Amino acid sequence: MAQNEQTISNAEQEKHIAELLKKMGMNAVDIEQDFVNYLYNMLGRDMQSDAYYQFKAMSYTIRDRLMTHWKETWNAYNEDKTRKAYYLSMEFLIGRSLSNNLLNLGVETETEKAMYRLGASLEAIEEAEHDAGLGNGGLGRLAACFMDSCATLQLPVIGYGLRYEYGMFKQLIQNGFQIEEPDHWLGFGYYPWEIQRSEYTRTVRFGGYSRHYKDPHTKELTVYWEEAEEVQAVPFDVPIPGFENKTVNTLRLWSAEATEGFNLSEFNQGSYFEAVASKSEAENITMVLYPNDSSENGKELRLRQQYFLVSASLQDVVIQWSEKYGNDFSNFSEYNVFQLNDTHPSLAVAELMRILMDDKKLSWDDAWTIVSQSMAYTNHTLLPEALERWPVSLFKKLLPRLLDIIYEINARFLKTVAMKWPGDQARQARMSIIDPDDNVCMAYLAIVGSFSINGVAALHSQLLKEGLFHDFYELWPERFNNKTNGVTQRRWMASSNPGLKALLNDKIGREWITDLSQLSKIESFVNDKPFRQEWMRVKQENKQRLADMVEKDTGVKFNVTSLFDVQVKRIHEYKRQLLNVLHVIHLYARIKRGDTDNWTNRCVIIGGKAAPGYVMAKKIIKLINNVADVINSDPEVGDKLKLAFVPNYRVSAMEIIAPGADLSEQISTAGKEASGTGNMKFMMNGAITIGTLDGANVEILEAVGEENFFLFGLKTPEVANLRNHYYPQNYIDEDGDLQAVFSLLESGHFNQFEPGLFDDIINSVKSPKDPWMTLADFRSFVNAQHEVALAFQNHSRWNTMSIINSARSGIFSTDRTMQEYNDDIWKLTPITK
């Protein structure tokens, strides 16, 4: 028989392969065997090698066990007449994946047994994984939680993002200052969870010009995008497993590569740098997450990144559609929906128009019907400056064809506005996608092109309708809706808080892992002495773990019997880390004047990164560290008060911080925070919130009641009413405690050898133009913190509050959030296998 003669049918072959794949066991012996095989035979290492190589071997071992379900899920989603959603986001802050994948695959215990047999520590192997540098803050972490919940709900959702080679940056603290170092999270080679899918490579174009051409036969106008530079978008797929359900969704990340590696002719002539110039320019697109856009080059790179994401992703969907259905797009919007995660992917509106008209030859009206029925937009901010406006001149340079389309979208849209409000030119000017300063307003483009516009907390959505997007709400009220954010309990409880997981499983079973509303059952144990003791034991163990991390990272030693007061989030003036520091200085001043009767020892943790170009935020970090140095070195203070700034805040750090916190600081100026998700992570793990009536704090307060929440500060209408007659000096003059704080600040007590260093902060917070109204909330904040201190002294009361906060956190699961997205926007059918 000839060697190449087929001996079995394709069906028999597939059946045989399926049987072979089934032999990949989930027990400790099989996991141990595969782990050793990868470590010794593939990686060429042994059990004495660095823990990172053990992590890689383990990740390959676990990825293998995801692969069969991953392929089956992909094939199921690509069957005919399957409606799918595509989640477009510039960030997916995944963090570490090993522990989460072990949990969702259901092999934690067997893997621990396998490593025990080898004399290895699974915890040490998990610690060796680098946080994936694919996001910055809440936006990216939310996207990662969304993907986890979609897989657990078995929704056919594919994530699209960028495969950044460098994360935002690694934050170091030197002499109190933030120092940015490259976060080369891919520095050890390929991300072991990813699969390169070169067969789905797409081409993205920049620059050139648009040429309009009328076909002499059909007389139809055709547009060609000519002399554009081309960049290859190469996809790398990452598996996102659902919880014990055999569903593995896909996160597709695009990496930029040049169409040609380098110019060999120039290289041979000795022009080495010129030979690789185009390669370097292309790869810069996905080199760094969020480059500093304070320069023109930075702005251009940001816009390149955003277009690269949407163009590659939309081409991917359209090409796969065409491979099945040719150029029949009559029911495309029935089976495809795109969710734009904030304003960054707003160019998807214009890009899908370009693809449908220029590549697929649809008419404007047919293309617009498809686009406007398949795009949905989520807004994540109330800050006007965060809505993104790009100069028309930059569009002409980089994306001339898209600018043509945006002009046409705007012209047709303004006709709609004129029909609704005849003669109201002021309103037309306000609503125009092209603003008076000749910028393209990306949020408006997203709104005009989307059938759904949602905010991410009840208050946020209401403020969008009343303020930022009021004109659009009056035009299209039916498009606006709310989808309060959440977080996944699998990451933020089951994986990061194993002690609490064990306690909950023992008392209420495992159903809470996929149905967080089950947590309400623990409220029936609120007076059960053994349960309360176990709850406190778990919290103390988590506090010790957090204290160990703080000491390792900062050198500051915490007493775990103290109140752990935590504020970790992006450093921004509206988040008011400064208000927190003012309170810490107030406590320090009390200690120094002997006002310590009935004192509650407190350890304050602050963490977060400031954008490299955000000067004021970086000065606030310096102030925090200077205040910490003074307090922590003062023997008179001792354990009464500690302050630590935890450097390089990241997902893996939060997995230790959230379970160990007693008090969750959510103290933004009312009306500025869209939602917040850190507040939810803390709440689930039994921390009590001190916060303003802002973002999702409103819904947390409604859930737990005023007796289990420390509310302070101005409300949103009060902030607005105070805006034009805000005089911070009045608050100082009327408050002796605030005078004491400023006496220390203005005397240079915290910067004795750095004169004038904090003058900008002092002047800013004392200015009537301070938009964050920090001093207006100082007294209310101090009073609320006093109530915190008294409550913490009553251990029984605090324990009750902690249990109730966790018990009532069920509505803040992303499982609920994604179910609402699906019910109201996507309307997908879960795919069960």
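Strand 17 (residues 563–568) and strand 20 (residues 663–666) run parallel and are joined by two bridges; strands are DSSP runs of E of at least two residues, helices are runs of H or I of at least four, and both are numbered from the N terminus. Within this pairing, Asp-565 has Leu-663 of strand 20 as its bridge partner. The model is predicted, with local features requiring pLDDT of at least 70 and side-chain atom pairs pLDDT 80 or more, whereas totals for chains, interfaces and linings use all residues. Residues are numbered from 1 along each chain as its sequence is written, and side-chain values use heavy atoms, without hydrogens and water.

Six strands form an open sheet with parallel pairing, in the order 19-18-17-20-21-22, where pairing requires at least two DSSP bridges between two strands. Strand 19 (641–646) and strand 22 (710–711) are the edge strands, each pairing on one side only.

The axes of helix 7 (residues 138–152) and helix 35 (residues 814–826) come within 9 Å and cross at roughly 75°; axes are lines fitted to C-alpha atoms, for helices over the stretch in contact, and angles between N-to-C directions run from 0 to 180 degrees. Helix 7 is therefore roughly perpendicular to helix 35, a term covering 65 to 115 degrees. In the contact (heavy atoms within 4.5 Å), Cys-145, Phe-146, Ser-149 and Cys-150 of helix 7 meet residues of helix 35, including Met-818, Tyr-821 and Trp-826.

Methods:
Angles under 35 degrees count as roughly parallel, over 145 as roughly antiparallel, 65 to 115 as roughly perpendicular and the rest as oblique.
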